[in-house]
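Hello,

Here is the structure I promised to pass on to you. Please open it alongside this note, and I will walk you through what turned up.

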Amino acid sequence: RFKWEHVENHNETFIEMPRDARSELMASFPRNWEEYYALRCHQSWPLKSLLPAPYFPVGTRELSQPVNCLQAMYIHGIENFSTLSSLTVHIVGADRAYEWAPSPTYVWEEILHCLPNLQKMEIIFVSPSLYKCLIPNAEYRPPMDLECCPDCTARGRKRVMTVSAKTWHEFRADENRYTKPDLVVAFNAGISMEETDGWVESVKMMLEDDISCLFTMYEEGEAKGDYDLLQSLGAKIITERNALNPFAVDVPTIDANQPDTFFHINERYVCFKGSEK
């Protein structure tokens, strides 16, 4: 209700998120949302007891996306990302109801803000479901520069967004547009539950290309199924089976098919890179 009322009253999505760019890399990644907000929202977090209870949790729906990308970089080894001046992240299987929902894109700038050496970041959304989101309907939208905060602008930093309305393996086959990403992320993919054949083809190529990957799931059944599928494909998995995600969305979502059931977006996760063989 808090978030809905804010939209109704102010015609904007409410998100309490960090605004400052760090001058130094975080030595270690926070263990949960409380630690993250304490570190990154050092002005508003101390006032938590005076603010409405949903003040911080409601923004995690959007902030969970870049924060999970950062978490994945630390899990895979932040030394592999911290020295980069240019970063490319693929958001695979992006959904119109979540990753492509009409919400502020500036949340992605949090990645720039936490990687001091980074000068350019390109987020590429890859999903056939985005075909109808492009105007006119198209399979590709070229890189588009997005506005950065005043601090990043003054430093000459760039934030770029690109869209490919294809499966990831189809996009990878496009030699004119594809370059190997630094990180691949799939939110709530459920690769063992839906469109498994397509996911298997894409995952095999991710393993072949030795790309750092993070996949999240809604619940335990999906998490176990996805882990087992990745394991059967020979993926080198670096997180535990059925791992709870400390940076899941901190507000429950009602299951449209079972109105008395709730779930958390990004509740479980798995990180993998390359093959065991």
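Predicted model: local features only at pLDDT ≥ 70, side-chain atom pairs only at ≥ 80, totals over all residues.

Let me start with the largest pocket: its lining is made up of 17 nonpolar, 13 polar and nine charged residues. Four elements, α6 (168–172), α7 (196–208), β9 (253–255) and β10 (258–263), each contribute at least two lining residues. The largest share belongs to β10, which supplies four residues.

The second largest pocket has a volume of about 200 Å³. Ten residues line it, and those closest to its centre are Arg-61, Val-249, Val-251, Pro-252 and Thr-253. By class, the lining of this second pocket splits into seven nonpolar, one polar and two charged residues.

Now for the protein as a whole. It has eight helices and eleven strands. Of its 277 residues, 52% count as buried. The protein exposes about 13,600 Å², with carbon and sulfur atoms supplying 48% of that area. Among contacts with a separation of 6 or more, 76% are between residues 24 or more positions apart.

Next, the inside. The largest nonpolar core has 53 residues, and the ones that touch the most other members are Cys-69, Met-73, Leu-87, Ile-91, Trp-108 and Ile-111. Several elements supply at least two residues each to this core, including α3 (60–77), β1, β2 (120–126) and β11 (268–275). The biggest contribution is from α3, with seven residues. Leaving aside neighbours within four places in sequence, Cys-69 is in contact with Val-89, Ile-91, Trp-108, Ile-111, Leu-183 and Val-185. Another core, of 29 residues, lies apart from the largest one, and its members include Tyr-140, Trp-168, Tyr-178 and Val-200.

Is His-90 buried or exposed? Its relative accessible area is 0%, and buried means under 20%, so His-90 is buried. Beyond its neighbours within four places in sequence, His-90 is in contact with Ile-124, Trp-168, Phe-171, Tyr-178, Thr-179, Pro-181, Leu-183, Val-184 and Val-185.

Enjoy exploring it!

Best wishes

Notes. Residues numbered from 1 in each chain as written. Heavy atoms only, no water. Buried < 20%, exposed > 50% of the residue type's maximum accessible area, 1.4 Å probe, protein only. Contact = heavy atoms within 4.5 Å. Areas by Shrake-Rupley, 256 points an atom, 1.4 Å probe, with all protein chains shown as cover. Nonpolar A, V, L, I, M, F, W, Y, C, P; charged D, E, K, R; others polar. 1 Å grid on protein atoms, 1.4 Å probe; cavity = no way out; pocket = protein on both sides within 12 Å on 5 of 7 lines; lining within 4 Å. Points joined across faces, edges and corners; volume = space filled by probe spheres on them. Core = buried A, V, L, I, M, F, W, Y, C linked by side-chain atoms within 4.5 Å.
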